Amino acid sequence: MNSWMKKLLQVLPEKQILTDLADRYSYSFDASFGEYLPEAVVQVKNNHEVAAVLRVANVYKVPVYPRGSGTCLSGGPLPVKGGIVMDMSQWPEKIEMQPEDLIVKVSPSARTSEINKAAEAYGLMYAPDPSSAHVATIGGNLAENSGGPRGLKYGVTKDYVIGLEVVTPEGKIIKTGGQTIKNVTGYDLTKLMVGCEGTLGVITEATLKLISKPPATQTILVSFSEVRTAGKAISKTLTSGILPAKMEFLDQACIRAVENFQPAGLPIEAEAVIIIELDGHPESLKVEKELIKGIMKQIGAVDIIIPKTVEEAAGIWHARKQVSPAIAKIKPTKVSEDATVPRSRIPDMLDRLNEIKRKYNVEVVVFGHAGDGNLHPNILCDKRDQEEMLRVERAVAELFQAAIDLGGTLSGEHGIGTMKAPFMESELGAAGVDMMKRIKNSWDPNHILNTGKIFSEQGQRLVLRHD
Amino acid sequence: MTNLKEIQEKVNYDKLFDCVQCGYCLPACPTYETMERETHSPRGRINLVKMVAEGKAEVEDLRNPIEKCLGCMACMTVCPTNVEYNLIFEGAKEVIEDHDVKPAALKKTEDFIFNSLFPSSNWMGSIGNAAWIYQKSGLQKAAQTTHLTALALHAGRFERVMPDLPSPIERILRKRRVLPDYKLRTTVAFFTGCVMDAMFFKTNQNTVELLRLSGAEVLMPKGQTCCGALHSHAGKAESARELAMRNIEAFDLEDVDYIVNNAGGCGAKMTEYPQLFEENTTWHERAKEFAAKVRDISEVLVELDGLTFTQPVQRLVTYQPSCHLTNIRRICDEPRMLLHAVPGILVKELERPDFCCGSAGIYNLVNYDESMKILDLKMMDVKERKTNTIITTNPGCLLQMKLGIERHGLEGEIEAVHLVDLLMEAGPSAK
Ligand SMILES: Cc1cc2nc3c(=O)[nH]c(=O)nc-3n(C[C@H](O)[C@H](O)[C@H](O)COP(=O)(O)OP(=O)(O)OC[C@H]3O[C@@H](n4cnc5c(N)ncnc54)[C@H](O)[C@@H]3O)c2cc1C
Ligand code: SF4
Ligand code: SF4
């Protein structure tokens, strides 16, 4: 047994340290690519355990990889340099509602959908709604600054965090922010932690903001015979004085995949559809619905469907949820990107994607939270086909470049992790990346926390192939 | 060195790639909840199977995670990409069985169960001869004499909740063909099941009566035997195949519309018979024809819609569905429709009806402690409903719920009842 392992046994109950091969392999992956075998997995259950493990790791310079539910799409929790996976998911769940202050205090392991459920019991809502909310932990959401369809109107995770408890890589327990909505005391370390992908600290508690739940919703499904028109319809709606809660885009390939998978009555002849959800007071919904109809007609939509019942509306949103599994049936491997562009550039981005598709002869389908410019181009391929994967790697690289050229960003919500690390400099410039590295160095002088993420090593490239 | 190609074939290696590791199955998996590690989750198990098939881990590494899987298939129902975990799981079981990595105590327990308790390939008795399974208190004694201390330790608990055996006379007098009183609407064959027929003979008789009252001619083919589900789930593919062939032959002699059963687990296995045979063989074709006729009693009763219930039943009822009825047959509505047709009862759904009860074939015998953790969670849910009856649709679940009632000291307060018996209590008559 190596010496750091012996030390771990002194600070954690033995049954919280897993070293069997079967256990280690079970924490070697996430929902993205690749598998990396850690030397040990620790299951932490309170902040002192986290601090103790980090102190050991810091002395022995062993890398530590925090992991929630492992649903990350960018390799965030992968133990790329071996060492220790720190499993946060078995931490006893705590969701402490303070409805009169509209806040809730949660443990890092709390699942996002459970937080929202607890809030709904008081007529409140925790707004960020990533599709994986029923599986992913709030810790993972905070680390990735996750968002979902409602992000258009309500923002993403970072807009709802007002305080954190964090353990630093050197094993110190600190508090950031507080319990008040306004707070300008010192640097905003809360916001620095959110989206840091577990590279600066381990989040052990969060205080989140809640809002009141809108009383009613209205769904509208609009179909288009041209992708560009759909793109324009998005900007047009958003500049008309209406702010929908959600505005989702599906291209024809997605529509057809869903209809093949589980027929939901989507218009298969349409080149693209936009699914809109308005929310608010029932009276204002009536007005807004008519306004949207007018805008869509004027811009040249082929069809506007307004569901008559709650069930019909739920059916449309269910179809939207089926996109991800449905497209997985086209080809077994899904390289799922989330490049994001300014909203007025969506039509241009769609054109660029089309070019990329032709140039590299790859299968690309596009859907996503178009209302906030966050598209999800998915490249469908077969990871057993090395030649195809090489083409896919090139297509992905060009896709990132296209987003940056159009004034956009590499990632709207899935994070950088390992996959996008090589492209950081082209978006941020050398000096930009250098400032980030300096922050990392001062927080984590021994580079033990989630090493090998966000910042690429000399010569690192995107690799989707493996032997 | 193990032959990787063979392992890959057995575990359906190509199907492993359907799993995109999204983790959507984690919240549905009972063992992930009770054993608190990814190793005992569907996603973890599928990944481990892959690691073994790629030679990165040994078959021995796979043994415990697969052994502790209930095979409840709740993961399949929630999986967005339709991963066929049932095939992967049974393949992995077979690989483990082939590699002889089971510990001696487990092997002994399994041998005992399969050779003395359930029909094996050596034991091909037909129904009517069902006293094999146990004489009350025989299980414990048998286990003791074969020095299966672990099994003997718990066997007593199971025996206490087992119903009395019917007299041999009742069994001998059973009719092999019954006809409806009025119009003949359909002809069905009844699959009695081995556990059902041995322990819940009365429920089987009630099933036949409900079918008859609904207008069905009911045949009970001789020569039918155990469905083979338990054998399949233990990795004994060869025995499962033999049992399947016996049943296909037994039912082939009868020209019927449906093959009806009242045990969710057996029904699921029988619809999976085609998977036991290589495609494009005669047996595969015969299995397909057989499987297409398999129906659960609740499906047939709802379809025939031939019953009215005349007797109000004063019960507060909660429903524990059979996992395989839900997750493999995907039958969820029919049993509930029947429940709601009974006058007088009040039905309260469990908070998590689709969470396994921990019975899972012989899981509760070979993994007693793990099974009880899961049962305890189920009983918490049951208690919170404050009902006096638990309805089930499978003999294994029925026994397990009886065990749960005893374990939680609820005898006299809560009763576990098969759906069919509840329907009989409600005074069914032809419409
Ligand atoms: C099918 C599917 C759909 C998805 N949909 C969306 C979506 O709509 N929107 C979206 O934004 N994302 C989505 N995701 C991505 C993913 O679910 C999110 O990134 C989620 O926040 C990850 O949470 P997790 O608990 O699984 O964390 P993990 O994947 O385990 O970890 C993610 C990152 O967080 C770090 N981390 C975890 N816990 C802590 C902690 N307590 N302290 C510090 N760091 C920590 C890890 O080191 C890692 O870098 C989806 C993923 C899948 C598979
Ligand atoms: S839900 Fe299906 S695809 Fe997702 S991890 Fe589980 S088995 Fe794999
Ligand atoms: S079959 Fe049941 S116990 Fe086994 S992995 Fe699936 S959900 Fe878990």
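1. Buried area is the accessible area (1.4 Å probe) that two parts lose on being put together, summed over both. Domain 1 and domain 2 of chain B bury about 1400 Å² between them, with 57% of it on carbon and sulfur atoms.

2. This is a predicted model: local features need pLDDT of at least 70, side-chain atom pairs count only at pLDDT 80 or more, and totals for chains, interfaces and linings use all residues. Residues are numbered from 1 along each chain as its sequence is written, chains are lettered from A in the order in which they are written, and side-chain values use heavy atoms, with hydrogens and water left out.

3. Chain B has domain 1 (4-98) and domain 2 (306-430); these bounds come from an automatic or database domain assignment. Their centres, taken over C-alpha atoms, are 28 Å apart. In contact (heavy atoms within 4.5 Å) are 16 residues of domain 1 of chain B and 18 residues of domain 2 of chain B.

4. One salt bridge is found across this domain interface of chain B. The term means a side-chain nitrogen of Lys or Arg within 4 Å of a carboxyl oxygen of Asp or Glu. Arg352(B) and Glu33(B) also form a salt bridge, at 2.8 Å from N to O.

5. Now the two chains. Chain A brings 33 residues to the contact and chain B brings 26 residues. The area buried between them is about 2400 Å², and carbon and sulfur atoms give 51%. Tyr25(A), Phe29(A) and Arg384(A) supply 20% of what chain A buries against chain B, more than any other three residues.

6. Five salt bridges cross the interface of chain A and chain B. Asp23(A) pairs with Arg37(B) in a salt bridge, with the closest N and O atoms 3.1 Å apart.
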